Amino acid sequence: PKRVRTRHFQNAKRDGIKITGLTSYDQLTARIFDEAGVDFLLVGDSAGNNVLGYETTLPVTVDELIPLTRAVAGAVERSFVIADMPFGSYENGPDEALHTAIRFMKEAGAHAVKLEGGERSQKQIRRIVGAGIPVMAHIGYTPQSEHGLGGHIIQGRGEGVKQLLADARAVQDAGAFAVVLEMVPADAARQVTELLHIPTISVGGGPHCDGQLLVWTDWAGLTTGRIPRFVKQYANLASVLGDAAREWRADVASGAYPTDEHSY
Ligand code: KIV
Ligand code: NA
């Protein structure tokens, strides 16, 4: 299969073909999603909650995400692999941001990076793009600034749409190839999508965006806690695995496993 490039994102928007992305943090899921034709895989800092057992994404480090990114990048043949820049790895300025982005490209084999923030991250995006590294921007609700935003709150509501549009323009001007809109009203996302020539990728941004992205563990029903309303579950892996574990325990207890068939 032909590798997805940033060109694919531009062409998809032009031709009205929806873009699909899932998070992935390991080579097994990366291979499965790649073969299923998912256009891009995001090695999200949501690995903090989903792999590393943190309560938020704030403690996640570049050193923790690099091996996960390397596993995903090494497994794909077609999907575009995007490394998420964690909190504290780019806010200090363009130099720090470029340093982090280069680490993900060199040490992990990422194809692009993602970072949070619109106007406030414009200089960082411009510097990274200037070094030949594609950047996916991320505006609307930005989990790394949960405390600054005052909680897990929908952005771009009412008057807030002005800031959302300003952020969207800022990241496009800085050279981002696409922008994630997280948890914004569908109508605000539609306005951004019509304003921009780069594709918008919805995470809880409704149906008018140019693409859709979900956290794979939520989408596949592996997450056991509360999941956001915008997630549709396409499988129930938690119950599949729980049932398998219970059946296996019972078989070991009864002697139904292993049999001659599984022995040497
Ligand atoms: O880390 C992540 O999974 C993300 C997406 C939900 C946008 O940033
Ligand atoms: Na993230």
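## Aromatic contacts

Trp 219 is partly exposed, its relative accessible area being 21%; here buried means under 20% relative accessible area, exposed over 50%, and partly exposed in between (1.4 Å probe, protein chains only). The structure is a predicted model, in which local features need pLDDT of at least 70, side-chain atom pairs count only at pLDDT 80 or more, and totals for chains, interfaces and linings use all residues. Side-chain values use heavy atoms, with hydrogens and water left out, and residues are numbered from 1 along each chain as its sequence is written.

Rings of Phe, Tyr and Trp (its six-membered ring) are paired if their centres lie within 6.5 Å, and the planes are called stacked under 30 degrees, edge-to-face over 60 and tilted for the rest. By this rule the count comes to 7 aromatic pairs. One of them is edge-to-face: Phe 33 and Trp 219, at 5.4 Å centre to centre and with 90° between the planes. This pair links distant parts of the chain, 186 residues apart, with Phe 33 in helix H2 (residues 27-35) and Trp 219 in helix H10 (residues 216-219). Helices (H or I, at least four residues) and strands (E, at least two) are DSSP runs, numbered from the N terminus. Phe 33 counts as buried, at 7% relative accessibility. Separately, one aromatic cluster is formed by Phe 9, Phe 40, Phe 80 and Phe 177.

Strand S4 (residues 112-116) is largely enclosed by the rest of the structure, because 5 of its 5 residues are buried. Both of its faces are covered: Ala 112, Lys 114 and Glu 116 lie on one side, Val 113 and Leu 115 on the other, and all are buried.

Two strands are taken to pair if DSSP finds at least two bridges between them. Strand S3 (residues 80-84) runs parallel to S4 and is joined to it by 3 bridges; Ile 82 has Ala 112 in S4 as its bridge partner. Strand S5 (residues 135-140) is also parallel to S4, with 4 bridges joining the two, and the bridge partner of Lys 114 in S5 is Met 136.

## Helices H5 and H6

A right-handed β-α-β unit is made by S3, H5 and S4, and another right-handed unit of this kind by S4, H6 and S5. A crossover is right-handed if, with the strands pointing away from the viewer, the path from the first strand over the helix to the second runs clockwise.

Helix H5 (residues 94-108) packs against helix H6 (residues 122-130) at an angle of about 45°, with the axes 8 Å apart. H5 is therefore oblique to H6, given that angles under 35 degrees count as roughly parallel, over 145 as roughly antiparallel, 65 to 115 as roughly perpendicular and the rest as oblique. Axes are lines fitted to C-alpha atoms, for helices over the stretch in contact, and angles run from 0 to 180 degrees between N-to-C directions.

## Strand S7 and its neighbours

In strand S7 (residues 200-203), Thr 200 and Ser 202 point one way and Ile 201 and Val 203 the other, and all are buried. Strand S6 (residues 178-182) runs parallel to S7 and is joined to it by 4 bridges, with Thr 200 in S7 as the bridge partner of Val 179. S6, helix H9 (residues 186-195) and S7 make a right-handed β-α-β unit.

Strand S8 (residues 211-214) is parallel to S7, with 2 bridges joining them; Ser 202 stands opposite Gln 212 in S8.

How values were computed:
Chains are lettered from A and ligands numbered from 1 in the order in which they are written.
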